[in-house]
Amino acid sequence: GTTLSAADSTSNANNGTKNGTPSAIAGQIDGGANFSGSSDNVNITSISLNGVAYTISTWVVTPLPNSCSSYCTLTRGTNDHQVLVNPSNLLGEYDNAGGTAFHSSGFSMATLSGGWHYIAARVNGSNTDFYVDGAYVGSSNIKSNDNITYFGNYQGGGQQWGQTDEVRISNVARSADWIKTE
């Protein structure tokens, strides 16, 4: 696409507000976004994760931005980062609310070839299972009970995710078969 929209394409109408200067890109499915600036993100109406199963998924271009020297954040709430990559390129999540810091899935994003890849984080119970291109790649031993209010970058800036398409936040733990067919 040529115009970047922060409108929710579902009937939930959880439209967002663009911050910084994220740019429109062709994307994997249709129009995507490039969160390359240090303050680029989309602020959405808070989605509570407290007490619910959920799945977060997106298409992303690897390698992730070089400017992401600390972390690259896909989703962020008031406290937790639900999907992010640490400085060692490990996929996982960050627990600010409980103070237990980074929880790795054990999967290194550096092992992926350059180009588009499908990332999914599925929570059912107390762990988060991570999938890349439909294949299970590991779990982290935590479930965020925070909310999601931003995607594409940490709202404080400097953790830009890069090129992404089709960010989805579902209030159901999608099955491994469902994730595989995406």
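## Strand order and sheet

Helices (H or I, at least four residues) and strands (E, at least two) are DSSP runs, numbered from the N terminus, and two strands pair if DSSP finds at least two bridges between them. This is a predicted model, in which local features need pLDDT of at least 70, side-chain atom pairs count only at pLDDT 80 or more, and totals for chains, interfaces and linings use all residues. Residues are numbered from 1 along each chain as its sequence is written, and side-chain values use heavy atoms, with hydrogens and water left out.

On these terms, 7 strands form an open sheet with antiparallel pairing, in the order E2-E3-E14-E5-E10-E11-E12. Strand E2 (23–25) and strand E12 (135–140) are the edge strands, each pairing on one side only. From one strand to the next the twist averages 30°; axes are lines fitted to C-alpha atoms, for helices over the stretch in contact, and angles run from 0 to 180 degrees between N-to-C directions. Within this sheet, strand E5 (residues 54–62) and strand E10 (residues 115–123) are antiparallel partners over 9 bridges. In that pair, threonine 62 stands opposite glycine 115 in E10.

Strand E7 (residues 81–85) and strand E8 (residues 90–95) run antiparallel and are joined by 3 bridges. Valine 85 is set opposite leucine 91 in E8. The two strands form a hairpin with 4 residues between them, and asparagine 89 in the turn has a positive phi of about 70°.

E8 is also joined to strand E9 (residues 101–108), by 5 bridges and again in the antiparallel sense. Here leucine 90 stands opposite serine 108 in E9. The hairpin of E8 and E9 has 5 residues between the strands, and glycine 99 takes a positive phi near 75°.

## Aspartate 146

Aspartate 146 is placed in the loop between E12 and strand E13 (147–151). Aspartate 146 is buried yet has no salt bridge, and the nearest side chain of opposite charge, arginine 76, is 4.9 Å away. Buried means under 20% relative accessible area, exposed over 50%, and partly exposed in between (1.4 Å probe, protein chains only). For charge, Lys and Arg count as positive and Asp and Glu as negative, while His and the chain ends are not counted. A salt bridge is a side-chain nitrogen of Lys or Arg within 4 Å of a carboxyl oxygen of Asp or Glu.

The side chain of aspartate 146 does reach the backbone nitrogen of asparagine 79, at 2.6 Å. Contact means heavy atoms within 4.5 Å. Leaving aside neighbours within four places in sequence, aspartate 146 is in contact with residues including Ile47, Ser48, Leu49, Asn50, Gly77, Thr78 and Asn79.

## Salt bridges

By the salt-bridge rule the count comes to 3. In one of them, the side chains of aspartate 129 and arginine 122 meet at 3.0 Å, N to O. Aspartate 129 is buried, with a relative accessible area of 17%, and arginine 122 is buried at 18%.

Arginine 168 and glutamate 166 also meet through their side chains in a salt bridge (3.8 Å, N to O). Glutamate 166 is partly exposed, with a relative accessible area of 26%. A salt bridge also links glutamate 182 with arginine 168, the closest N and O atoms being 2.3 Å apart. Glutamate 182 lies in the segment after helix H1 (176–181) and arginine 168 in strand E14 (residues 162–170), so the pair ties together parts that are 14 residues apart in sequence. Glutamate 182 counts as partly exposed, at 32% relative accessibility. Salt bridges that share partners join Glu166, Arg168 and Glu182 into one network.

## Surroundings of arginine 168

Arginine 168, in strand E14, counts as partly exposed at 31% relative accessibility. Leaving aside neighbours within four places in sequence, arginine 168 is in contact with Thr55, Ile56, Ser57, Trp178 and Glu182. The C-alpha atoms of arginine 168 and alanine 120 are separated by 9.2 Å, and these residues are 48 residues apart along the chain.

The side chains of arginine 168 and glutamate 182 make a polar contact (2.3 Å). A polar contact is a pair of N or O atoms within 3.5 Å; within protein, one must be able to donate a hydrogen and the other to accept it, and residues adjacent in sequence count only if both atoms are side-chain atoms.
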